[in-house]
Amino acid sequence: MEYSLFCHHFYALSVSPVKKKLGLLFIMLLLWVYMLYSCVGYCASMPPSLVADNNNNRAKETDFLGKYAEAESGRPDLMMSKLLSRPQSSWTDVESDYDEPTFRRAPRDFSKDEVDLDRDEEWDDGRRVYPLSSFSNGSGSKKLPQAIIIGVKKGGTRALLEFLRVHPDIRAVGAEPHFFDRNYDNGLDWYRDLMPKTLEGQITMEKTPSYFVTREAPARIYAMSRNTKLIVVVRDPVTRAISDYTQTLSKKLDIPTFESLTFKNRTTGLIDTSWSAIQIGIYAKHLDNWLQFFPMSQILFVSGERLISDPAGELGRVQDFLGLKRIITDKHFYFNQTKGFPCLKKAEGSSKPHCLGKTKGRTHPNIDPQVVQRLRDFYRPFNMKFYQMTGHNFGWD
């Protein structure tokens with residue numbers, strides 16, 4: 001009797017409401033501590049809106065870069081004029097004029113709203129892709145890029161960047177910074193703060209295709225670092241121009257036809273080189289500007305066609321150029337028959353295969369074959385010069 005009475009009191013005490021509440025509070029406290037601990041690394045890696053620390057060191061570095069550029073040029077006044085002024089020339093800066101109506105806009109530039117369609121490219125499932133380093137535990141530091149994909153628009157730059165991000169020793173910013181063509185006045189501190197954190201031995205990269213056709217870009221990148229490695233994805237200029245037009249047409253259905261934009265005079269067959277879609281493809285003209293500051297050994301030209309037919313081969317060349325181990329190989333790719341270009345079997349930050357989004361692999365409009373042939377005739381001498389300058393025949397007819 002006494003034993004059963006004792007058990008009854010013990011059971012009543014153990015299931016009392018007070019004990020239950022205390023137990024639940026204790027469990028909630030443990031969960032809260034665990035969640036806080038898990039979030040510390042993520043929160044620490046979030047980019048701050050204002051960087052209050054290291055301002056003195058960064059100011060010193062900026063000052064050093066300026067002095068270094070002056071010393072290298074031997075003509076401080078000449079270097080600064082190249083960096084800060086827009087040269088007076090009849091040659092239009094194709095991409096840099098899109099958002100600057102007060103400067104020399106090409107009179108027939110119908111793609112001014114299409115420059116940034118590749119920014120923050122989405123995969124087919126709508127997931128935006130950002131570098132894994134954005135979700136690190138906050139280790140490492142932000143550095144100015146050691147390598148930049150400088151061009152060309154509609155050449156395959158977005159695909160190349162996303163393929164390169166598979167490499168563990170490459171960290172790249174997702175959106176196009178447009179620092180050396182539009183945002184240069186913001187300063188190197190602003191530019192560096194856009195970059196992901198990297199560890200020792202990792203390479204920081206960015207891509208902005210409009211740099212290749214921006215006159216000021218070579219001098220400005222040289223002033224940042226004369227050792228910067230430059231990557232240019234080039235493509236048959238005729239198919240590139242058609243792709244450029246198709247991108248614009250997808251957003252502006254009322255623009256003139258491709259044929260009417262191509263010619264100044266259809267009867268005489270005179271090509272209108274003021275149209276950006278045509279002008280970008282005169283690669284030899286733009287390369288002349290870059291060779292004033294960088295040797296050919298620091299510029300790698302990637303074939304946009306082979307990036308489709310043999311992505312692993314082209315990625316192998318890029319990894320060699322960057323001094324990295326060949327980690328990205330055939331096993332990382334599969335060919336998407338619907339889109340007509342290769343996709344990653346396993347994209348960065350995902351365990352599933354993914355392709356670039358709906359803006360890639362568009363169906364091109366039907367173009368008059370005579371117009372295409374006239375364009376090929378126009379580009380042929382420029383292509384030959386480009387082959388001679390680069391020492392490589394890209395096989396464009």
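Colleague: Which residue caps the N-terminal end of α14?
Modeller: This is a predicted model. A side-chain oxygen of the capping residue lies 3.0 Å from the backbone nitrogen of Q370. That residue is D368.

Colleague: Which side chain meets D368 in a salt bridge?
Modeller: The N to O distance in this pair is 3.4 Å. D368 lies in the loop between β11 (341–344) and α14, and its partner lies in the loop between β7 (263–265) and β8 (270–271), so the pair ties together parts that are 102 residues apart in sequence. The partner is R266.

Colleague: What span does α14 reach from its first C-alpha to its last?
Modeller: The helix covers residues 369–390, 22 residues in total. At 1.5 Å a residue, 32 Å is expected. The model comes close to that, at 29 Å.

Colleague: Where does α14 bend?
Modeller: The bend is about 40 degrees. A proline, P381, follows within four residues of the bend. The bend sits at R380.

Colleague: Which residue follows α14, and what is its phi?
Modeller: The helix ends at residue 390. T390 is buried, and so are V371, L375 and F386, among others in α14. The residue that follows the helix has a positive phi. It is G391, with phi near 70 degrees.

Colleague: Is R192 buried or exposed?
Modeller: R192 forms a salt bridge with D189, the closest N and O atoms being 3.1 Å apart. Both lie in helix α6 (residues 187–194), three residues apart, about one turn of the helix. D189 counts as partly exposed because its relative accessibility is 26%. R192 has a relative accessible area of 6%, so the term is buried.

Colleague: What is the N to O distance between D320 and R326?
Modeller: Their side chains meet in a salt bridge. D320 is partly exposed, with 44% relative accessible area. R326 is also partly exposed, at 48%. The distance is 2.6 Å.

Colleague: Which residues are linked with K153 in a network of salt bridges?
Modeller: The model's salt bridges come to 14. Each needs a Lys or Arg side-chain nitrogen within 4 Å of an Asp or Glu carboxyl oxygen. The residues linked with K153 are R240 and D244.

Colleague: What accessible area do F26, I27, L30 and L31 have together?
Modeller: These residues form a nonpolar patch on the surface. F26 is in helix α2 (residues 17–44). Together the four come to about 420 Å².

Technical notes:
Residues numbered from 1 in each chain as written. Predicted model: local features only at pLDDT ≥ 70, side-chain atom pairs only at ≥ 80, totals over all residues. Heavy atoms only, no water. Helix = DSSP H or I, 4+ residues; strand = E, 2+ residues; numbered from the N terminus. Expected span 1.5 Å × (residues − 1). Bend = angle between axes of the 7 residues up to and from the residue. Buried < 20%, exposed > 50% of the residue type's maximum accessible area, 1.4 Å probe, protein only. Polar contact = N/O pair within 3.5 Å; in protein donor to acceptor, adjacent residues only side chain to side chain. Patch = residues over 30% accessible without salt bridge, like charges linked within 9 Å, V, L, I, M, F, W, Y side chains within 5 Å. Areas by Shrake-Rupley, 256 points an atom, 1.4 Å probe, with all protein chains shown as cover.
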